Amino acid sequence: MFLSFFSRAQPHPRPLSTGEECQSSASLGTPLLWGGAGGGVRLLAVVAGLLASGCSGTKFIPEGAKLYTGGAVKVQSDSPIPNEAALTTELTAVIAPKPNASILGLRPKLYFWHMGEGKTKGLGKWLANKYGEKPVLLSQADTQTVKGLMVNRLNNNGYFKPTVSSKVAVKGATAQVDYTANVGKPYTIKEIHFPERDTLIDRAIRATESASLLKVGDPYSLQTFINERARIDGVLKNQGYYYFTPDYILFQVDSTLDNQVNVFLKVKGTIPPRAAKPYILNNVTLNTSYNLSDTTQNQRPIIYGKYRYYPDEKVFKASAITNATFLYPDSVYRRRRSDQTLSRLMSLGTFKFVDMRFRPARAKADSAGYGFLNSFIRMTQVPKQSLRAEVLLVSKSNGFVGPGFQVQYRNRSALRGAEQLLINLTGNFENQTLANTNTIGITSYEVGVDAQLLVPRLLTPLFDIRLRNSDFQPRTSFGAGYRYVQRVGAFQEDVVTLNYGYTWKTKLTNEQELRPIDLQYIRLGTTSPEFKQLLIDRPFLANSFRQQFILGSSYRYTYNQQTLEQRRNQIYFSGGLEGSGNLAYLVSNLAGREKVTNPADNSQAYTLFKQEFSQYTKVDLEFRNYFRISPDRTSGNKVATRVLIGAGIPYLNSTVLPYLKQYGIGGPNSVRAFAARGLGPGTYRPITSRETSTQFYDQVGDVRLEANAEYRQDLFPYVKGALFVDAGNIWLVNPDDKRPGGQFDPKSFMKQLAVGAGAGIRIDVQFFVIRFDLAYPLRYPYATGEVFDTNGIKLADAIEPAPRLNIAIGYPF
């Protein structure tokens with residue numbers, strides 16, 4: 001038998017409207033009242049009745065009818081069935097209609113539907129329209145259509161002449177339809193023949209044979225043939241065949257003995273002549289000031305590097321646009337370069353729309369079998385300059401929350417090369433609510449200004465690096481900023497930053513950032529008597545505030561699959577390496593400079609501009625995994641997990657990390673059963689009133705380990721629920737007698753992890769999320785009993801575990 005073939009899978013039947021609800025014990029004829037002082041109570045009573053009824057929704061089924069609860073598929077054969085699970089899943093997908101969804105055997109949407117039955121307005125009608133679903137009955141199941149679709153799917157997978165039977169299984173007022181598919185031995189591929197004609201198109205297709213998805217011995221699969229056509233089309237598109245489409249490829253299948261087929265790949269004989277030849281780019285026209293309302297072009301283009309360029313010299317230099325264009329005159333058309341050009345131009349951030357068109361070059365005759373295309377790239381600009389003001393709610397990982405503002409000026413082509421200049425003026429008032437109201441410095445005022453210049457290319461003086469195979473525009477950034485910080489009752493400090501670095505992406509999921517220069521200088525200004533005494537009592541804190549001149553460099557790699565929305569399992573990884581002071585120490589040492597002695601602890605360190613500089617190496621790793629339980633990509637039902645590992649090692653010129661580089665743990669985005677910076681380091685527990693009043697500064701460390709697991713569930717529109725478990729702690733690299741038990745010990749650190757668990761509600765309106773998490777401590781890293789001194793005087797009461805409510809903005813991870 002010789003079959004001329006390319007059948008397509010038949011479409012699924014359109015699903016019927018479904019619904020589900022649950023009967024409450026209250027009389028449905030009684031109207032549900034809303035409003036007044038008792039409105040909320042009445043609504044809660046209805047919800048309680050709904051949950052207490054525990055019904056299956058069968059009370060709403062017409063007499064003599066059966067509630068349809070879906071079906072199952074079983075595949076039977078005398079021969080082994082390759083990929084049986086995948087085949088069963090594919091057959092199950094065509095079962096229709098879809099039954100009313102249920103939760104633990106309950107169908108609450110049927111209850112809501114019944115509340116609105118026969119009504120035209122009122123709460124019952126609103127609930128029915130919003131949450132209700134009409135019962136799906138057995139009479140709606142068209143078994144003949146479903147069986148036909150299953151036969152089609154089996155044919156597409158190489159099971160020819162199958163039989164499919166159905167059986168109705170009745171259980172009380174419900175019924176399901178079970179299907180049984182009997183199949184023989186699947187057909188496999190015996191031989192594969194690519195085109196043999198001596199034409200340009202056939203030679204091009206024949207050259208792709210080594211990468212073919214069709215393999216001798218593989219099962220016959222329609223989807224593999226579809227993928228093979230798409231693969232060949234993609235190769236041809238990158239070899240100049242602009243007008244070719246996958247539909248021009250034909251597969252002819254010749255069945256042989258022993259359930260085998262010979263496959264003949266051919267090009268249809270009726271394709272247009274223009275689809276059978278490759279094309280070369282003739283003219284490439286770039287228009288940077290195209291207006292969608294204009295249909296005419298009054299300017300005359302200039303010729304710049306073979307490009308026809310419509311200049312807008314007030315905004316762009318020609319080189320800024322041609323450097324982001326990968327379509328070259330006199331080169332073969334390649335779809336890959338077309339897509340890359342579109343992506344690069346859009347990522348400049350200066351265009352609202354980019355439109356790309358190709359037309360035959362009618363004034364130029366074909367040459368050696370090649371045609372010619374003219375390319376037109378039209379770009380619509382966004383305003384070059386903008387001013388934006390925002391009122392913010394600032395929420396930081398260290399527990400500080402408060403109102404703020406930001407005024408931002410943006411110039412999208414500051415140097416006429418699509419360089420983005422951003423100048424930000426920021427200010428905020430922050431406060432951290434702690435159990436101990438005597439803690440100093442928990443109220444903070446801050447105002448600052450910073451500027452950033454983003455250049456859309458890699459400025460590497462000795463090399464010309466364009467990352468020609470990347471769809472994403474690399475950037476060089478220059479930044480500088482100043483912040484004035486006032487911690488009420490503690491200190492005032494000035495923060496100066498200066499940085500220079502590169503950011504680039506080679507794939508949608510991969511991003512890298514390298515900062516050769518990342519300088520930070522923090523000058524401790526006016527201090528309160530209480531804070532001065534704290535620095536005297538805590539040498540580690542005095543050193544960390546004294547050595548806040550950071551001569552840093554850093555590198556960070558991020559892999560993020562969250563942009564791939566079709567994936568059910570998404571991975572996020574971020575790893576960073578940071579170092580400071582190494583070059584300055586080496587130069588100081590080689591130059592024979594003398595170290596300066598610190599009278600507070602007699603430590604010695606080199607200085608730069610009479611200021612001690614920090615020397616350390618720091619590594620931060622973050623791994624997250626998001627598994628969506630439902631195959632529906634819009635579903636928010638997922639399991640999210642996170643692991644954080646961090647370590648900063650001070651050495652040579654430093655004995656501690658700078659204060660702003662140390663780790664804290666606890667709070668709404670960390671171990672939620674404990675206050676922000678309410679854990680660690682190690683088994684250290686603030687006991688005396690002095691210690692508890694300064695715990696915000698004491699409970700920081702050099703090493704961090706944290707893990708979180710969270711189950712997220714859609715509840716109602718814009719409302720999501722969560723169950724979570726958190727664990728973690730921080731430790732010191734060097735011992736500190738003021739914080740006993742704080743040093744990291746590889747033999748015992750796992751026993752020192754704090755653990756908490758809880759539940760949460762999130763109001764998620766996409767652009768804004770308010771989160772309420774109630775967490776309860778399950779395990780403390782330190783002893784929780786009463787504490788006495790050597791004279792038997794009680795220093796601290798026993799800790800009674802209590803739940804903690806966290807109110808935050810956004811998801812914790």
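Colleague: How many salt bridges does the structure hold?

Modeller: Remember that this is a predicted model. Counting a Lys or Arg side-chain nitrogen within 4 Å of an Asp or Glu carboxyl oxygen, the total for the structure is 36.

Colleague: Take Lys 185 and Asp 258: which of the elements do their loops lie between?

Modeller: Their side chains meet in a salt bridge, 3.4 Å from N to O. The two residues are 73 apart in the chain, so you're looking at a link between distant parts. Lys 185 is in the loop between strand 4 and strand 5, and Asp 258 is in the loop between strand 6 and strand 7.

Colleague: And is Asp 258 buried or exposed?

Modeller: Lys 185 is partly exposed, with a relative accessible area of 41%. For Asp 258 the value is 52%, and the cut-off is over 50%, so Asp 258 counts as exposed.

Colleague: Which helices does the Arg 335 and Asp 233 pair tie together?

Modeller: Those side chains form a salt bridge at 3.8 Å, N to O. The two residues are 102 apart in sequence. Arg 335 is partly exposed at 29%, while Asp 233 is buried at 6%. The helices are helix 9 for Arg 335 and helix 7 for Asp 233.

Colleague: How far apart are the closest N and O atoms of Asp 366 and Lys 277?

Modeller: This pair also links distant parts of the chain, 89 residues apart. Asp 366 is partly exposed at 45%, and Lys 277 is buried at 19%. Their closest N and O atoms are 2.5 Å apart.

Colleague: Over to helix 5: what do its buried residues pack against?

Modeller: Helix 5 covers residues 143–156 and reaches 20 Å from its first C-alpha to its last, close to the 20 Å expected. Its buried residues include Val 146, Leu 149, Met 150 and Arg 153. In an α-helix, residues three or four places apart point the same way, because there are 3.6 residues a turn. The packing partners are strand 2, helix 2, strand 3, strand 4 and helix 7.

Colleague: Which residue with a positive phi follows helix 5?

Modeller: Helix 5 has 14 residues. With a phi near 90°, the residue that follows is Gly 158.

How values were computed: Residues are numbered from 1 along each chain as its sequence is written. This is a predicted model: local features need pLDDT of at least 70, side-chain atom pairs count only at pLDDT 80 or more; totals for chains, interfaces and linings use all residues. Side-chain values use heavy atoms; hydrogens and water are left out. Helices (H or I, at least four residues) and strands (E, at least two) are DSSP runs, numbered from the N terminus. Buried means under 20% relative accessible area, exposed over 50%, partly exposed in between (1.4 Å probe, protein chains only). The expected span of a helix is 1.5 Å times one less than its number of residues. Contact means heavy atoms within 4.5 Å.
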